[in-house]
Amino acid sequence: MLPSVFGCCRLPEAGCDRIQAAPHATHAAVSWRGAWFSLPLVDPRTEAVLSPEQLLGALQQLPQAAAA
């Protein structure tokens with residue numbers, strides 16, 4: 001399902017950027033207002049991928065985490 005988008009990042013290089021895959025990634029890096037956060041994508045207890053609602057809830061907590 002979109003293997004070139006999920007589990008990948010773009011690494012800048014001279015002349016041409018390179019795509020680096022991490023197919024077993026369990027988190028995503030999120031930048032919000034100049035701060036970086038680790039967003040879990042997998043429930044550590046069940047190893048199930050989080051639902052869209054759970055991911056949205058985690059994203060909505062960023063303002064509180066940034067204030068801390």
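Visitor: What percentage of the residues of the chain count as buried?
Guide: The structure is a predicted model, in which local features need pLDDT of at least 70 and side-chain atom pairs count only at pLDDT 80 or more, while totals for chains, interfaces and linings use all residues. Residues are numbered from 1 along each chain as its sequence is written, and side-chain values use heavy atoms, with hydrogens and water left out. A residue is buried under 20% relative accessible area, exposed over 50% and partly exposed in between, with a 1.4 Å probe and protein chains only. Of the 68 residues of the chain, the share that counts as buried is 9%.

Visitor: How much of the accessible surface of the chain belongs to carbon and sulfur atoms?
Guide: Accessible areas come from the Shrake-Rupley method with a 1.4 Å probe, and for residues only the protein chains shown count as cover. The accessible surface of the chain comes to about 5,700 Å², and the part belonging to carbon and sulfur atoms is 61%.

Visitor: In which order do the elements of the chain run from the N terminus?
Guide: Helices (H or I, at least four residues) and strands (E, at least two) are DSSP runs, numbered from the N terminus. The chain has two helices and four strands. From the N terminus on, their order is β-β-β-β-α-α.

Visitor: Is aspartate 43 buried or exposed?
Guide: Aspartate 43 lies in the loop between strand 4 (35-40) and helix 1 (52-60). Contact means heavy atoms within 4.5 Å; not counting residues up to four places away in sequence, aspartate 43 touches Ala48 and Leu50. Because its relative accessibility is 12%, aspartate 43 counts as buried.

Visitor: Which residues is alanine 21 in contact with, leaving aside its neighbours within four places in sequence?
Guide: Alanine 21 belongs to strand 2 (residues 18-21). With a relative accessible area of 47%, alanine 21 is partly exposed. Its C-alpha atom is separated by 6.6 Å from that of cysteine 9, twelve residues apart along the chain. Beyond those sequence neighbours, the contacts of alanine 21 are Gly7 and Cys8.

Visitor: How many disulfides does the count come to?
Guide: A disulfide is a pair of cysteine sulfur atoms within 2.5 Å. By this rule, the count is zero.

Visitor: Which cysteine sulfur is nearest to that of cysteine 9?
Guide: Cysteine 9 is in no disulfide, and the nearest cysteine sulfur is 7.5 Å away. Cysteine 9 counts as partly exposed because its relative accessibility is 38%. The nearest sulfur is that of cysteine 8.
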